[in-house]
Amino acid sequence: MTEMLGRRPALTLLLLIAVLAVIPFVVTNPYYLHVLTIFLLFAIFASGWNLTLGILGLKTLGHHAFFALGAYGSAMLSHYAGVSPWATIWVGAGIAALAGLLIGVPILRIRSMPHVAIVTLAFAEIIRLVLANLKDWTRGELGFWGIDAMPALNLGGTVVEFGTGKPFGSYLLALAFFAGVHALLLVVLRGRIGLTLVAMRDSELAAESLAVDLTRWKLGVFAFSAAIVGLSGALYAHYIQILTPTSTVGPEMLVTLLAMIIVGGVGRFTGPILGALLLTVVGEALREFGDYRMLLYGGIVMLFVLGAPRGLAGWLALIGRRRAA
Amino acid sequence: MLRRLLATSALALSFAAPLTAAAQDIPVGAIAPLTGPAANSGEALRQGFMLAVKEWNEGKADYVTPGGAHPTVALTVEDNNSKPEVGVSAAQRLITRNGIKLLIGDALHSHVTMALMELSPQFDLPILSAEPVSTLIADKVKSDPEKYALYWKGNYNSSAYGETVHDFVKWALENGVIAEGGKKLAFVIEDTDYGHSNADTITELFTADGWTVVATEAVPAGSTDFYPQLTKLKSAAPDLTLSVFTAVNSGVSLVRQIAEQAMPGRHMAIYYPTKPEFMDQVGDAGKGLIWTSLQFAPDVVPAHKAFDDKIQAEFGNPATYSHAHGYCTMMIGLRALETAGGTDPKAVSDAIGATDYNCLIGRFKFDPEDHTVIGGGEYLPLPVAQVQSGVNQLIWPQANATAEAVK
Amino acid sequence: MTGAILIETLLNGLITGAIYALIGSGIALIYGTTRVLNFAHGEAMMLAAYAALILSTTAGLPLWLAALGAILLVMAGGVVMQRAVIAPILAREDWSFRIIAATIGLSIFLQSAAQLIWGEGFSALPYFFDGVLVLGPVRMPWQRIAILIVALVALGLSALLLYRTRFGQMIRATAQDAEAAEAFGIPAARVHTMVFALSAGLAAVGAIMLAPLLSVNPWMGVPYILKAFAVVILGGLGSFGGAILAGFLLGIIESFGVTLTSSEWRDVISFGLLIAVIWVRPYGLFSTREG
């Protein structure tokens, strides 16, 4: 359990959120806040996927489909039905969870890891093609633009605005969801569910002895993981305010998120957060060398798998343990 | 490899350049696909932008008032990776970091332009796109003229292609170049906004004349195997097949496979034969191909040859249509800065809108209603060409034709 | 649908299917022997095409020699990849996902490297065979017919190698139980390496036959790898023969799919079929249990 959560995970999370909460009052450069907002949204995505990948131990490669479903679901509902994005983001997450149930049933019946990987990848490809082909509704690769920003909030006289070009509000909103999702994850993982999850991952026999209906549990966790990723997609949609199938559910999204989780540390609570932070910031710093960015991502994934399979989080934990000893 | 490395370093340096540039330089930004599958076109546009800025700053350009005072500019070009959200990020960076007063963007993609034009009211920034043609952009301007007051579209609407094809086919039918048959029309297009918007306008114009569309096959951009589609088309036996691709490999493969399959009816190509690699690779299969539009022809137009020489001297590679379009778009922007006599967004935007400028590829004038460059006729011409004995000859409009159309 | 159209559609499907079979059988072979899922298999295609292009245009070799040289180079590349990337990971726990992650990383790395080195332009190999076979209303260029024939020959030779030689016996023994095979003196590690070379070679044959039709570019392997995975799953993961059958089947289904519906839905049909099959027959169309 400590391996998964690290020592004092609640304190770590609290400290992290405290530091992140101070940033927008110190950093005024809107561009930096934009980059950090992207980091927060991708950290939610990565943590949601990590729940399936590392903690449930189910090696899926199609979570970017849930991101796209959440994003397009929320964006289209608010656009065509005129529903407030404050409501539609939850619908987006719900659509992703439903899709998770749909794809979860067949893949949970097969234990074979390669089947799971390929089928989820094919599922993501179907979602990409369908979004690209339903041009009357999504405008295909031309991009679904004109997505509403989250409506402004009036917080005790101060009006906070969200969306592209409103970095302060957008950052705080992303941070609020980042904090909420991670706190929820922590509660879930530290409770009975977390114990069961780890038991299931480490030994199905042990879990069965706890009298757990394995498939139903796994399906539930899988749908929860899809919902978190869908929520991050919905938030992304109302922040960036334009979506294309390739950029939400294309292969680059898969590689970017996979790199974040692997660099941070698969199956560790803080792993995806660290990975998302590092790769978002490094990715932006290297934007001038755009041609080299994907080369770097591909290389980093390979090197970490070969040389540092526990990722940054595992490495930090190791240093911490050494210091304690 | 070395050239690419150098180009990338030059890019990195140009990023640092505004810091060292003279304080009175006006910061100008541009956004183009410098990475990914469209990077070739993006790089060509970037070279066009850079040549224009260089000539402008060195006192060698087409100024509105020759010999008068003209402002100098510092250009920063950023990558969009062919993705709208990357383009938006890049624009925000140019705005907040470089404090640009004018954005040339997007250089190539309609879908990125759709996203970028949203920034113009938000940041009170004049934006001028270069090559994008999608009619949807113009429709968006018309839908809310006030909101997009500072945005201008530096290329004609994709409907201009449709009108050209329509007018040409009418002429070709009258002159027996194309046989009308059963008035059956088919499309093989790339599955992008470019492919679809062209097919849509052409469909509309032709169905009004009594034609029927027997098939519209949209294949993923970059596809090269068209046998399943051609087999299907053969059974539909269209009298005219139109193909629209931006990727030259798709175009080469399609033209070859149409020849192999001895497709019935006439084939007319849109856009891809403009790429220099097309003529190199298509070989005999291209014989007699009719296509639109030949807007940059250094072989037959002396002004284009001179421009090609300048690009060769500056960058060591031949010029393409994208080089020329990039050059002209940047010139429009720079001339507007000169006319405005400052960087007031509205003044710069008004100056762009008032442009009437004869550049390399034609006369640039904007339609005040949809903020789009006027295509066809006396403005930006869209001539139809035919491959004859391995050379592109202009066959329509007849006034500018360099050869007779061959059946 | 007239008879000629029917025959042509079937031929188109067989030719596309031949390529799927070549690529898919290579993946199945590796998985069957080593339980490794190789996501960088498409890049073996891409590298083979570039190697053939460079050997024939830059180095000026005759086309057939350039093709042969490219196949050998890519097979050598397969050996290096197995030794440098795959083997070290195999020695660790939880290797099966790590290898997927590492080969995805390698695939992206190779694509970006190819783009940096050779640019994003498109180039094409000349046709190996000129001319068009005309049988009544059916027209088929010899180059396409050659794809089908070469693929069948390459697959046939591989099958002979697998089922009629001592080396094939070693591969099959290793596939069943690597540890037991080692106990009988079979060098399992070396067999694994050779299987990678063989599989890369099959991809190279496919890529070189396709290169004149396709155009060579850094991303040319991408559309094929996903299809090949679908083929491998449909055929029963790890089954060499199953992958070949499924390859041809998918090619024909796609060909008729385009004729009957529309091009843009072709891949949705393929992947939808894959997921439908997983619901009904999780371990492939031709087997009843895990391979």
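Modeller: A nonpolar core is a set of buried Ala, Val, Leu, Ile, Met, Phe, Trp, Tyr and Cys residues joined through C-beta atoms within 7 Å. Buried means that 20 or more other C-beta atoms, placed from the backbone, lie within 10 Å of a residue's own. The model is predicted: local features need pLDDT of at least 70, side-chain atom pairs count only at pLDDT 80 or more, and totals for chains, interfaces and linings use all residues. Residues are numbered from 1 along each chain as its sequence is written, and chains are lettered from A and ligands numbered from 1 in the order in which they are written.

The largest nonpolar core has 340 residues, and Val301(A), Ala48(C) and Ile208(C) have the most contacts inside it. With 18 residues, helix H8 (188–214) of chain C gives the most to this core; helices are DSSP runs of H or I, at least four residues, numbered from the N terminus.

Leaving out residues up to four places away in sequence, Val301(A) touches Leu258(A), Ala259(A) and Ile262(A), along with Ala101(C), Ala102(C), Ile104(C) and Gly105(C). Contact here means C-beta atoms, placed from the backbone, within 7 Å.

Ile262(A) also belongs to H13(A), where Ile262(A), Val263(A) and Gly264(A) meet Gly311(A), Leu312(A) and Ala313(A) of H16(A). By class, this contact has four nonpolar, two polar and no charged residues; Ala, Val, Leu, Ile, Met, Phe, Trp, Tyr, Cys and Pro count as nonpolar, Asp, Glu, Lys and Arg as charged, and the others, Gly among them, as polar.

Key
Contact = placed C-beta atoms within 7 Å. Helix = DSSP H or I, 4+ residues; strand = E, 2+ residues; numbered from the N terminus. Buried ≥ 20, exposed ≤ 12 C-beta atoms within 10 Å, placed from the backbone.
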